[in-house]
Amino acid sequence: MITDLRIFLDRKAEEYDQPFFIKDDPVAVPHLFQKKQDIEIAGFFAATFAWGNRKTIIKKSVELMQLMDMSPHAFCLDPGTRGLQSLMQFKHRTFNTTDLLYFVNFLGHHYARSSSLEDAFTQKMTKKDENIEKGLVGFYQYFFSGDEVPPRTRKHIANPARGSSCKRLNMFLRWMVRKDKQGVDFGIWKKISPSQLVCPIDLHVARVAKKLKLMTRKQPDWKAALELTARLKEFDKDDPVKYDFALFGLGILEKF
């Protein structure tokens, strides 16, 4: 029954949406900062690196923040020659120096014109949109609107128009948009509503969702993410992505 499943997922979401969750999750990286822009940049890189082992993701993200003198906003605005040279040896899996320098250049240009990365995600969407899809498509277009875009760097920013589930971007948006009492998610963005968020989905979450009959689509793509989110809205239409904690906990930590 739908009521029993909602009660179960509510309990699991509450179980994992707790302060203890932070230290072993990539969300720990933006939690190192207090300044809004530093939180945004640290979170953006941590989310971008978020595939594979979580300890490695956190380690490499912190390493990058240290190369930026633990002041990523100030660094991106004015890295200087010496600062850029310090980045030349950084690498995380397939994310290399070419990608990093493009990211830093984009962030520098953006923050020279805007006080928040939120504006980069809301250029093509409004509060009336059902979900974040237009915002993600607009962000992809904006991110790669520079004169010289390394072709290899495009793979690091997902685009729902190409069918991607946008798992890492959806996770980043959850961090920035959701405001929960436990303090895991930051809730520092106000132009996007929690009800517009789409649930991050990967193979583990998809497996749990199928087992709970929350999803029928075989491929964990954008359509699957929308299908799952629509089902979760039946349990909480205002904050469906809180169930990301439940699905992640069941799939990764409990091997459900």
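Author: Lys223 has its place in helix α11, residues 222–233, where helices are DSSP runs of H or I with at least four residues, numbered from the N terminus. This is a predicted model in which local features need pLDDT of at least 70 and side-chain atom pairs count only at pLDDT 80 or more, while totals for chains, interfaces and linings use all residues. Residues are numbered from 1 along each chain as its sequence is written, and side-chain values use heavy atoms, with hydrogens and water left out.

With a relative accessible area of 58%, Lys223 is exposed (exposed means over 50%, buried under 20% and partly exposed in between, with a 1.4 Å probe and protein chains only). Although Lys223 and Gly163 are 60 residues apart in sequence, their C-alpha atoms are 7.4 Å apart in space.

Turning to the charged pairs, a search of the whole structure finds 20 salt bridges, each being a side-chain nitrogen of Lys or Arg within 4 Å of a carboxyl oxygen of Asp or Glu. One of them joins Lys12 and Glu254 at 2.8 Å, N to O, and this pair links distant parts of the chain, since Lys12 is in helix α1 and Glu254 in the segment after α12, 242 residues apart. Lys12 is buried at 8% relative accessibility, whereas Glu254 is partly exposed at 32%.

Another salt bridge brings Asp185 and Arg174 together at 2.9 Å, N to O; Asp185 lies in the loop between α9 and α10 and Arg174 in helix α9, so the pair ties together parts eleven residues apart in sequence. Both Asp185 and Arg174 are buried, and they belong to a network of salt bridges whose members include Asp17 and Asp244.

Note on methods: Helices (H or I, at least four residues) and strands (E, at least two) are DSSP runs, numbered from the N terminus.
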